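Please look over the sequence and the model shown below.

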Amino acid sequence: EDEIRDRGGNIDEVMGETRGQFYVMRPGYSLTDVAFSYNVKDIFVPALIFGMAFALESGNAMNESMAGIETDIDLEFRYKKVLSAHLIGAFLAPGKAASAMVNVYDKEANEMQYMVETSLQIFF
């Protein structure tokens, strides 16, 4: 999941929010994550993030509760308080609860997902 820029359609949004009066079969969503980071002289901040998500009502997710496990590596490079550049690598092992809510045709498919992202933020 993209933590810097929300593009919509994320697993947590599909599983946990109401999208109108006819979309009521949502299973709910619970996410626990842990982040470790180290600030090196306010120039370089590497971070490692682990997350695990569950469906709160497994009956609405084909009787599955595991939504997935995600691991991110975020390498942030800072220039004073003006510029922040990120290089992020992410790995997601989706669970069957997420597959049941997101997949259109094969509700059991849960292939590993990978992502690499770069971003640049300017503060003024």
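A residue is called buried when its relative accessible area is under 20%, exposed when it is over 50%, and partly exposed in between, with a 1.4 Å probe and protein chains only. By this scale Phe-91 is partly exposed, because its relative accessible area is 31%.

The model is predicted, and local features need a pLDDT of at least 70, side-chain atom pairs count only at pLDDT 80 or more, and totals for chains, interfaces and linings use all residues. Residues are numbered from 1 along each chain as its sequence is written, and side-chain values use heavy atoms, with hydrogens and water left out. The score pLDDT is the predictor's confidence in each residue, from 0 to 100. The chain has an average pLDDT of 83, and 81% of its residues score at least 70. Helices (H or I, at least four residues) and strands (E, at least two) are DSSP runs, numbered from the N terminus. Confidence is lowest in helix 1 (residues 11-16), with a mean of 68, and highest in strand 2 (residues 44-54), at 94. Where pLDDT is low, the predicted coordinates should not be read in detail.

Strand 1 is a place to begin. Of the eight residues of strand 1 (residues 30-37), the number buried is zero, so the strand lies largely in the open. Two strands pair if DSSP finds at least two bridges between them. Strand 1 and strand 2 run antiparallel and are joined by eight bridges. Across this pairing, Ala-35 stands opposite Ile-49 of strand 2. The hairpin has six residues between the two strands, and Lys-41 takes a positive phi near 55° there. Asp-42 is also found in the loop between strand 1 and strand 2, and its phi is near 60°, a positive value in a residue other than glycine. Asp-42 counts as partly exposed because its relative accessible area is 43%.

The loop between strand 2 and strand 3 holds Asn-63. Phi of Asn-63 is positive, near 60°, and the residue is not glycine. With a relative accessible area of 62%, Asn-63 is exposed.

Next comes Glu-76, in strand 3 (residues 66-79). Is Glu-76 buried or exposed? Glu-76 counts as buried, because its relative accessibility is 13%. Contact means heavy atoms within 4.5 Å. Not counting residues up to four places away in sequence, Glu-76 touches Ile-43, Phe-44, Val-45, Ser-84, Ala-85 and His-86. The side chains of Glu-76 and Arg-78 are joined by a polar contact of 3.1 Å. A polar contact is a pair of N or O atoms within 3.5 Å; within protein, one must be able to donate a hydrogen and the other to accept it, and residues adjacent in sequence count only if both atoms are side-chain atoms.

The aromatic rings come last. Rings of Phe, Tyr and Trp (its six-membered ring) pair if their centres lie within 6.5 Å; planes under 30 degrees apart count as stacked, over 60 as edge-to-face and the rest as tilted. Two aromatic pairs are found in a search of the whole structure. The ring centres of Phe-91 and Tyr-114 are 5.7 Å apart and the planes are at 45°, so this pair is tilted. Phe-91 belongs to strand 4 (residues 83-94) and Tyr-114 to strand 5 (residues 113-122), so the pair links distant parts of the chain, 23 residues apart. Tyr-114 counts as exposed, because its relative accessibility is 64%.
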